[in-house]
Amino acid sequence: MCIRDSLYRDLKCYTFPRALVAFTSMTWIFGLAMRHTRSLLPLGTHGIKHLRQTQFFHLFGPVGVGLALLYPTLAGYFWIKTTAFTGKMFYRNVLLGDKNWAWEMERNRREGGEYFFKDTPLATEDDFPDLARGEMAKTKAEAPTWVKRI
């Protein structure tokens, strides 16, 4: 699962203010995970120096301690990814003004020539030849082969 896709698709973070709300929420969740895990595994308090000395280890064993440590680790991972996403949204939407500057530069440079060619019949409505317009109105396009089979 890609965090960026989830933020776009599920949380609808298309703009920087929405990404900032997601970042704030993820910061709160990460802090909550750290506080909750610290309360379950109080290392450094009450004379506890090792995980084996905690009551949580005696009740749930090493698997429970591993799962308790996995909780803030995953929250921290998601927080880092959300922070990077918010930074990119700030750069793209606020600093760049939500523009694709590579395309803007290419459009204004014109080194490769014009993108509009008058000799193509569908370039504009005015340049479409009247003779071709009449021929297109007369001829009827044949139905595809898969329609004939049905």
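The following dialogue examines a predicted model through questions and answers.

In this predicted model, local features need pLDDT of at least 70, side-chain atom pairs count only at pLDDT 80 or more, and totals for chains, interfaces and linings use all residues. Residues are numbered from 1 along each chain as its sequence is written, and side-chain values use heavy atoms, with hydrogens and water left out.

Student: How many helices and strands are there in the protein?

Tutor: Helices (H or I, at least four residues) and strands (E, at least two) are DSSP runs, numbered from the N terminus. From the N terminus on, the elements run α-α-α-α-α-α. The count is six helices and zero strands.

Student: What share of the 150 residues in the protein is buried?

Tutor: A residue is buried under 20% relative accessible area, exposed over 50%, and partly exposed in between (1.4 Å probe, protein chains only). Of the 150 residues, the buried share is 19%.

Student: Is Thr86 buried or exposed?

Tutor: Thr86 has its place in helix H3, which spans residues 55-95. Its relative accessible area is 7%. Because the limit for the buried class is under 20%, Thr86 is buried.

Student: Which backbone oxygen does the side chain of Thr86 reach?

Tutor: Contact means heavy atoms within 4.5 Å. Not counting residues up to four places away in sequence, Thr86 touches Phe16, Ala19, Leu20 and Phe23. A polar contact is a pair of N or O atoms within 3.5 Å; within protein, one must be able to donate a hydrogen and the other to accept it, and residues adjacent in sequence count only if both atoms are side-chain atoms. At 3.3 Å, the side chain of Thr86 reaches the backbone oxygen of Ala19.

Student: How far apart in space are Tyr91 and Phe16, C-alpha to C-alpha?

Tutor: Tyr91 lies in helix H3 and is partly exposed at 47% relative accessibility. Tyr91 and Phe16 are 75 residues apart in sequence, whereas their C-alpha atoms are separated in space by 9.0 Å.

Student: Which helix gives the most to the nonpolar patch?

Tutor: Patches are made of residues with over 30% relative accessible area and no salt bridge: like charges are joined within 9 Å, nonpolar side chains (Val, Leu, Ile, Met, Phe, Trp, Tyr) within 5 Å. Trp28, Ile29, Leu32 and Tyr71 form the patch, with about 400 Å² of accessible area together (Shrake-Rupley method, 1.4 Å probe; for residues, only the protein chains shown count as cover). Ile29 is partly exposed at 36% relative accessibility. With three residues, the greatest contributor is helix H2 (residues 16-40).

Student: Which side chains meet in a salt bridge?

Tutor: A salt bridge is a side-chain nitrogen of Lys or Arg within 4 Å of a carboxyl oxygen of Asp or Glu. A search of the whole structure finds one. Asp10 is partly exposed at 48%, and Arg9 is exposed at 52% relative accessibility. The side chains that meet, at 3.4 Å from N to O, are those of Asp10 and Arg9.

Student: How many disulfides does the structure hold?

Tutor: A disulfide is a pair of cysteine sulfur atoms within 2.5 Å. Cys2 is partly exposed at 37% relative accessible area, whereas Cys13 is buried at 2%. The number of disulfides in the structure is zero.
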